[in-house]
Amino acid sequence: MSPAKAITQFGYCIASAFQNLYRNLALSLITTSTITVMFTLCISMLLLLLNLSAFMETWADQLQIIVYFEMSAEPEEMERVQQELAARPEVEHITRVSPAEALTLLQGSLDGQDGILFGLPNNPLPASLEIKLRKPYLTTEAVEIFVADITRSPPIADIEYGQRWLEGFVAFFELARLLCLVLGVFLIIFTYCIIANTIRLMVYSRRDEIEIMKLIGAGSLMIKFPFWLEGALQGACGAAIALLIIIGVETLAMDNLATLLHFYLGSGNYVFLDWPMAAVVITAGALLGLTGSFFSVNRLDAHYN
Amino acid sequence: MIHIHQVSKYYNNAIPALVDVSFKINKGDFVFITGPSGAGKTTLLKMMFCAERPSSGEIIANSVNISRMKPSTIPALRRSIGVVFQDFKLIDNRTVFENVAFALEIMGVNRRTIKKKVWQTLKWVGLLQKKDALPPCLSGGEQQRVAIARAIVNNPRLLLADEPTGNLDPQLAQDIMKLFKAINARGTTIVIATHNPEMAAQFSNTVIHLSRRHSIEPC
């Protein structure tokens with residue numbers, strides 16, 4: 001066949017895919033709706049996972065280790081400890097807080113009830129170092145190793161980083177993340193099976209059409225390509241509609257969602273799918289639809305051969 | 001044009017459908033294959049467009065042994081042959097025009113030529129006014145004419161028809177046979193399988209009779 005005829009045939013295949021979607025509108029809508037429902041669930045799970053990860057990152061950014069000095073610690077000793085700690089690769093930033101600065105901060109945090117501090121004969125707060133670690137070291141294990149490495153001997157009186165709270169918090173979020181991941185993978189496999197079977201039913205319902213095409217002399221690709229394209233289009237449409245649903249829900253519930261997040265998690269930074277991620281979701285839909293129709297049509301084609 | 005040489009067909013390697021059948025069809029012939037139900041007429045026709053493979057023997061069409069064709073070359077063979085089925089085999093959700101046009105689309109013919117050829121063919125079979133109708137909305141005779149239009153729209157050298165009048169009343173059957181005669185007059189070789197020997201005798205002087213799956217009695 002000449003290249004011109006092959007291009008013309010390719011054009012017919014593309015036109016045929018769109019025409020078939022229209023001709024089998026009910027079936028196409030059922031398939032697309034199924035894909036939409038499954039993708040809505042998958043995207044929701046993905047968003048949950050993303051938000052958990054984002055929250056963990058935000059929280060980790062705020063994590064700091066506080067090294068308290070003894071009340072009798074000399075400025076030279078404190079300077080020496082600060083320089084030693086600042087030289088360590090884990091440390092991103094270190095700030096020395098004097099007793100006077102600590103008292104000011106405490107007064108500020110008491111929010112109108114700072115009167116209770118007026119009766120104190122002298123400042124009871126010690127000087128301290130606030131240490132912020134670099135990103136790779138913002139894990140439970142790394143923080144524990146770092147803290148264990150600091151000698152708790154004069155002039156250092158105590159080191160605080162919310163150990164128990166940190167362990168419980170991290171364990172909870174790791175478990176939640178794992179659960180989301182397992183559920184997500186299960187949902188993706190389930191989605192694939194549902195989509196593949198829906199498309200298989202769609203292809204099967206048109207088996208007579210495929211048989212007639214073969215008897216008239218249509219080549220294998222001429223028969224299969226429109227089905228592949230239909231599958232890919234339905235997959236992409238289903239994923240795109242699912243995205244629109246999620247965007248709609250997000251737009252309607254954003255204010256309440258942000259308040260809820262802030263209330264429960266102390267963070268109002270809600271993460272939503274960005275454009276590249278949305279493109280990945282639509283491409284995944286297209287690929288899912290394509291593979292579903294690919295295997296269904298191939299199976300039917302093998303049957304007729 | 002076609003040489004059927006000692007062709008046999010057994011289903012499941014045991015049930016005979018055809019046994020040792022041989023005959024020749026020349027270019028431009030108008031041939032009837034007759035015989036009672038179960039004689040193997042449909043099987044023979046199916047083997048001529050590679051819908052079935054013979055268990056033994058050879059089918060030579062235009063010097064090509066089609067009984068040993070590779071699966072990948074079968075579509076090209078089918079595109080060069082027109083086939084009319086007893087049950088019409090029209091795509092129900094495509095219009096008459098689209099059903100006929102499909103035979104040209106698979107050959108990569110451009111849209112303008114398709115429109116012209118389909119228009120001419122539908123006019124020729126008397127269905128131009130029904131070009132936008134869907135097959136289920138047509139009568140049996142009209143559906144058969146659509147099937148004929150689809151089979152001849154690409155000017156095949158050979159037209160095979162399996163019981164083309166089997167589902168039609170006698171008057172419609174006569175009309176369809178006249179259509180086949182007209183197609184034959186344009187130079188197309190025609191092979192028709194029918195269980196109706198009177199019709200065969202009326203329209204052709206070349207009748208191949210299949211009896212008990214293996215006897216060939218050219219009349």
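In chain A, A:Arg207 lies over the face of A:Tyr204, at 4.2 Å from the ring centre. The model is predicted, and local features need pLDDT of at least 70, side-chain atom pairs pLDDT 80 or more, whereas totals for chains, interfaces and linings use all residues. Residues are numbered from 1 along each chain as its sequence is written, chains are lettered from A and ligands numbered from 1 in the order in which they are written, and side-chain values use heavy atoms, without hydrogens and water.

Five aromatic pairs are counted over all chains (rings of Phe, Tyr and Trp, the last by its six-membered ring, with centres within 6.5 Å; planes under 30 degrees apart are stacked, over 60 edge-to-face, the rest tilted). The rings of A:Trp228 and A:Phe294 have centres 5.2 Å apart and planes at 35°, so this pair is tilted. A:Trp228 belongs to helix α8 (residues 220-265) and A:Phe294 to helix α9 (residues 275-304), 66 residues apart; helices are DSSP runs of H or I with at least four residues, and strands are runs of E with at least two. A:Trp228 is buried, with a relative accessible area of 16%, and A:Phe294 is partly exposed at 31% (buried, under 20%; exposed, over 50%; partly exposed, in between; 1.4 Å probe, protein chains only). Together with A:Phe295, these two residues form one aromatic cluster.

Definitions and conventions:
A charge sits over a ring if NZ of Lys or CZ of Arg is within 6 Å of the ring centre and within 35 degrees of the ring normal.
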